Structure formats: structure tokens, C-alpha cells
Amino acid sequence: MSMITLSSKMRPLVDRAVKTQSPRMMTVLSKESGEEYKKFNYTARMKKTGRPVSPHVTIYSFPIGALSSITNRVAGCALSFGAAGLGAIEIVGGPGSSLSLMQEIGGAGFLVAAPAKFAVAFPIVYHYFGAVRHFAWDYFPEYLENVDVEKSSYALVGSSTLLSAGMMFL
């Protein structure tokens, strides 16, 4: 079937759809009301009209799948900044200066070394396990159901936290 034949068969449907569309109504503000509108921010305008302000992100409860996705992105950024920081230390301090810094942190005692090790281990482990989860979703899309995403998100957070906590004692 050629494109011309397909086009001629679709033409009446497209014409009917276009003709039945009504034009979008616009709100027309007078010059005075437009100036009044610009004086107030959104919250002040809603208080003036007595209407409630729309809910904000701070009161919205994100699903665990969204939180795990955000955390994966933050972990990736933390890894990038950490690698850039180590590179900057090496450039500024010379060869071996980042190793010296890590040895000083490790020798500062458990109260300093353990959180530092966790701060390094968690983004690595979380981002790695998140990548494995995404590879699994790519090859097995049937696991992308809401229930399975929620279960895998809890498993991702729990396993990353446990493994990172275990790495604190190495």
C-alpha cells in the first residue's frame, strides 16, 4: 500500500478531527487587573481569593521507586565529585597525597574512620547494585510491575546499607 493511498484514506478522519476541535478560550485581563496580578506572588493571590495553595513537594510522599531512583542519581554524582576531589588532591598535593590523606583518616580512630568508610562505600555499592537492577529490568521487563519495583527498591536500599556497614569494619 502506498503512502498516497494511506493518506487518502486518512484524510477524512483528519479533517473531521480538525473541524471538531474548538478554539481554546483565553482569559483576558484588563490593564488594571493585569497590574494588580503582577503585584502578588502565587501564595498572596491565593490568600486574597480564599482558595487553597496547591500542595508542595515537601508534603508529597514519594514512592520508594522514585526515592531509590533519586538516590541512585545522587550516588552517581557523589562518585563523580569524589573522583574529581581525589584528582584535585593529587594535582595540588603531588603524587601520593590522596593516599596520605586516606591513611590519616584511617588512623584517626574508629569514630572518624568508620563514617568516612561508609561515606565512600555506600555510593559505590548503591550505584553498582542500582546498575545491576537496571540491567535486570532491561533484559526482564516483566519485573517492572509496581509491586516488583517496590520490592527491588527496598532490597536495593537494605543490601547497600548492610554491605556498606560491613565495609566500615574492614
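This is a predicted model: local features need pLDDT of at least 70, side-chain atom pairs count only at pLDDT 80 or more; totals for chains, interfaces and linings use all residues.
1. Overall make-up. The protein chain contains seven helices and zero strands. Read from the N terminus, its elements follow the order α-α-α-α-α-α-α. Of the contacts with a separation of 6 or more, 60% join residues 24 or more positions apart.

2. Among the 170 residues of the chain, 16% count as buried.

3. Helices α4 and α6. Helix α4 spans residues 64–93 and helix α6 spans residues 110–139; their axes come within 9 Å and cross at roughly 125 degrees. That angle makes α4 oblique to α6. The crossing of the two helices is left-handed. On the α4 side, the residues in contact are Ser 68, Thr 71, Asn 72, Ala 75, Gly 76, Ala 78 and Leu 79. They meet Phe 122, Pro 123, Ile 124, Tyr 126, His 127, Gly 130, Arg 133 and His 134 of α6. By class, this contact has seven nonpolar, seven polar and one charged residues.

4. Asn 72 within that contact. Asn 72 lies in helix α4. When neighbours within four places in sequence are left aside, Asn 72 is in contact with Tyr 126, His 127, Gly 130 and His 134.

5. Helices α4 and α5. Helix α5 covers residues 97–106 and packs against α4 at an angle of about 115 degrees, with the two axes 7 Å apart. The angle makes α4 roughly perpendicular to α5. From α4, the contact draws on Leu 86, Ile 89, Glu 90 and Gly 93; from α5, it draws on Ser 97, Ser 98, Leu 99, Leu 101 and Met 102. Sorted by class, the residues are five nonpolar, three polar and one charged.

6. Ser 98 within that contact. Ser 98 is placed in helix α5. Residues up to four places away in sequence not being counted, Ser 98 touches Leu 86, Ile 89 and Glu 90. Those partners are listed on the α4 side of the contact between α4 and α5.

7. Helices α6 and α7. Helix α7 runs over residues 146–167, and its axis comes within 8 Å of the axis of α6, crossing at roughly 150 degrees. The two helices are therefore roughly antiparallel to each other. Their crossing is right-handed. Helix α6 contributes Lys 117, Phe 118, Ala 121, Phe 122, Val 125, Tyr 126, Phe 129, Gly 130, Arg 133 and Trp 137 to the contact. Helix α7 contributes Val 149, Ser 152, Ser 153, Leu 156, Val 157, Ser 159, Ser 160, Thr 161, Leu 163, Ser 164, Ala 165 and Met 167. The contact of α6 with α7 comprises 13 nonpolar, seven polar and two charged residues.

Note on methods:
Residues are numbered from 1 along each chain as its sequence is written. Side-chain values use heavy atoms; hydrogens and water are left out. Axes are lines fitted to C-alpha atoms, for helices over the stretch in contact, and angles run from 0 to 180 degrees between N-to-C directions. Helices (H or I, at least four residues) and strands (E, at least two) are DSSP runs, numbered from the N terminus. Angles under 35 degrees count as roughly parallel, over 145 as roughly antiparallel, 65 to 115 as roughly perpendicular and the rest as oblique. A crossing is left-handed if the near helix is turned anticlockwise from the far one by less than a right angle, and right-handed if clockwise. Contact means heavy atoms within 4.5 Å. Ala, Val, Leu, Ile, Met, Phe, Trp, Tyr, Cys and Pro count as nonpolar, Asp, Glu, Lys and Arg as charged, and the others, Gly among them, as polar. Buried means under 20% relative accessible area, exposed over 50%, partly exposed in between (1.4 Å probe, protein chains only).
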